[in-house]
Structures are given as structure tokens and as C-alpha cells.
Amino acid sequence: MDFDVTMIINALAILTMFYCLYLVLSLKSAIPGGMVGKRWNFLSVLVVLFTMGYLATPFFDQIPPEVLQPVISLIFLFGAIYVVVTVRLIFNIIRELTE
Amino acid sequence: MHNDLILFRTPKGEEIAHSHGHEISSNHRRALIAVDGKTSVGALTKKVFWVSDVVGVLKELYTLGLIHDDVKTIQDATVTQSGGAGLLLKVQIIKIAKELLGNNAERIVKKIEDTEGTPEALEATILSCKKLIKLTINDDVADAFLARALLIIGR
């Protein structure tokens, strides 16, 4: 039962990340540059990395623990970076629109 | 006169529209004031119910040289109203946007096209466009666009 729940959550996470990947790539043409455009490229790279990481989650039980731990730590690190970049981007947009 | 034709006041038409003389009849003056450089002849016919025989009057105003459909005829006009010279300003600002932004000018052009032709409305739109360019296209181009566009409207 636990395995099924985990599998469903993993599948939902992968689907969500693919949707996110679709969004960042399809919106790219509308944001060719500028403040948002530069951050958008970086966010797109992070989303690609996350998508690859999420696709690997079903195989995590086959990865040795000494490799898995750093991989999970890296995913957390990149997740934190993603959040920081997004929050700063929103902050800069609001500042630009209100100045 | 084609229904899709968009007319605007010439400098002479501007002068007469804002004067209180008797160069034209009150019916003609009402039609002249209704011409705004944005509304087509077909739309004017439906909208301007207070003018009798709209198409006939427009033809006469056209013949008198008070209204025109060629933007080049208003190049020396003063910048005080949404039609006429305001249209020319928009054309010039759009030209700058296309020159600076190339293929990325589409959204900026639409914003300028949708705005009123008064200097105040254009200034607000130019500032808004500058922010949009800075955020989504190019920081440096945004400043160049702002400087050149403000120069056009004399700000």
C-alpha cells in the first residue's frame, strides 16, 4: 500500500514537473530578454534539472545510499535556489512596476 | 466614402473645430468634432446620431480639406487632441518601437495603438511600455525607447 501511494505521488510530481517544463519553454518566446528574460533562462535550466531528477525517483531504491544522500541534498539545494530566484524575480518586477 | 475609412482632422480642420467662427454650419462642426482619427466612417455613421447625413457631411468636410485619410497631411499639426496629430505621434512612436525592438515590438505596438492620442495618455503609455521592455526585452533598449518617445511628444 505504501509503495502504491509513493508511486502515485511520484507520478503526480513528474507530471507536474513536465507541465512546469512546458510552461517555461512555451513562455520563453514571449520573454526574449530583459530582467525577466535573464532569470527565465536560469529558471528553465533548473526546471530541466528537476525534471531529470524527478524522472529518476522511481529508480532511487536501486541507487546505493552513499550516492543517493548527496543526490537528495543537491535536489534540496537547487530547490532552495529556485525559490530564491523566483522570489527575487517577483520582488524586482513589483519594484519596477511601482517605481 | 468607404465604411472602413478612418478620417482625422487636418490642421485647418483642427483650427476650425476649436474656433467659434461661422466657417461651417453647426451640423458640419459636430461632424468635424466627432472625427477622431480612430473611428471608421461606418462606425461614425452609427455612433454620431446628432449629425444629419453623416456621410454627406464627411464628404463635404473632406472636399473642404478639413478632414483627411492620409496621415502625412497632419505632420505640422499641433499636439492637442486624440485624433489628428495624436495619430501622427502614435505612428512615430510605433516606428521607433519597431526600429529598436524589431520582431519583439508586437506587444508594444499594440499598447501604443490602443492608447488615446493625447500627450498625457501617450506619456503614460510610453512609461508603461518602457517598463515592459525593461522587464521582458532589453534594459538598455528600454531607456533608449523612453528618451526617443518622450522627445516625440515634447516631454
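**Entry 1: confidence.** Next I went through the elements of chain A: helix α1(A), residues 2–28, has the lowest mean pLDDT, at 89, while α2(A) has the highest, at 92. I also wrote myself a reminder that where pLDDT is low, the predicted coordinates should not be read in detail.

**Entry 2: the build of chain A.** I looked up the secondary structure of chain A and noted three helices and zero strands. Along the sequence, I read the pattern as α-α-α. How many of the 99 residues of chain A count as buried? I found that 5% of them do. I then turned to contacts in chain A between residues at least 6 apart in sequence, and 71% of these join residues at least 24 apart.

**Entry 3: the build of chain B.** Chain B gave me eight helices and two strands. Starting at the N terminus, I wrote down the order β-α-α-α-α-β-α-α-α-α. Chain B has 155 residues, and 37% of them count as buried. For contacts in chain B with a separation of 6 or more, I found that residues 24 or more positions apart account for 61%.

**Entry 4: two helices inside chain B.** I picked out α1(B), residues 11–18, and α2(B), residues 26–34, and saw that they pack with their axes 10 Å apart at an angle of about 120 degrees. That angle makes α1(B) oblique to α2(B). I noted the crossing of α1(B) past α2(B) as left-handed. Which residues meet there? From α1(B) I listed Gly13(B), Ile16(B) and Ala17(B), and from α2(B) I listed Arg29(B), Leu32(B) and Ile33(B). Sorted by class, this contact has four nonpolar residues, one polar and one charged.

**Entry 5: what is buried in α1(B).** I stayed with α1(B) and checked its buried residues, which are Gly13(B), Glu14(B), Ile16(B) and Ala17(B). What covers them? The cover includes α2(B), along with the strands β1(B), at 8–9, and β2(B), at 67–68.

**Entry 6: where the chains touch.** I moved on to the contact between the chains, and I found ten residues from chain A and nine from chain B taking part. On the side of chain B that touches chain A, α7(B) gives the most, with five residues. By class, I sorted that side of chain B into three nonpolar, three polar and three charged residues.

Entry 7: Last, I looked at α2(A), residues 34–56, beside α7(B), residues 119–136. Their axes come within 2 Å and cross at roughly 20 degrees. I wrote that α2(A) is therefore roughly parallel to α7(B). Which residues make this contact? On the α2(A) side I noted Gly34(A), Met35(A), Val36(A) and Gly37(A), and on the α7(B) side Ile133(B), Lys134(B), Leu135(B) and Thr136(B). I divided the residues of this contact into four nonpolar, three polar and one charged.

Conventions
Residues numbered from 1 in each chain as written. Chains lettered and ligands numbered in written order. Predicted model: local features only at pLDDT ≥ 70, side-chain atom pairs only at ≥ 80, totals over all residues. Axes fitted to C-alpha atoms, helices over the stretch in contact; angles between N-to-C directions. Helix = DSSP H or I, 4+ residues; strand = E, 2+ residues; numbered from the N terminus. Parallel < 35°, antiparallel > 145°, perpendicular 65-115°, else oblique. Contact = placed C-beta atoms within 7 Å. Nonpolar A, V, L, I, M, F, W, Y, C, P; charged D, E, K, R; others polar. pLDDT = per-residue confidence, 0-100. Left-handed = near helix turned anticlockwise from the far one by under 90°. Buried ≥ 20, exposed ≤ 12 C-beta atoms within 10 Å, placed from the backbone.
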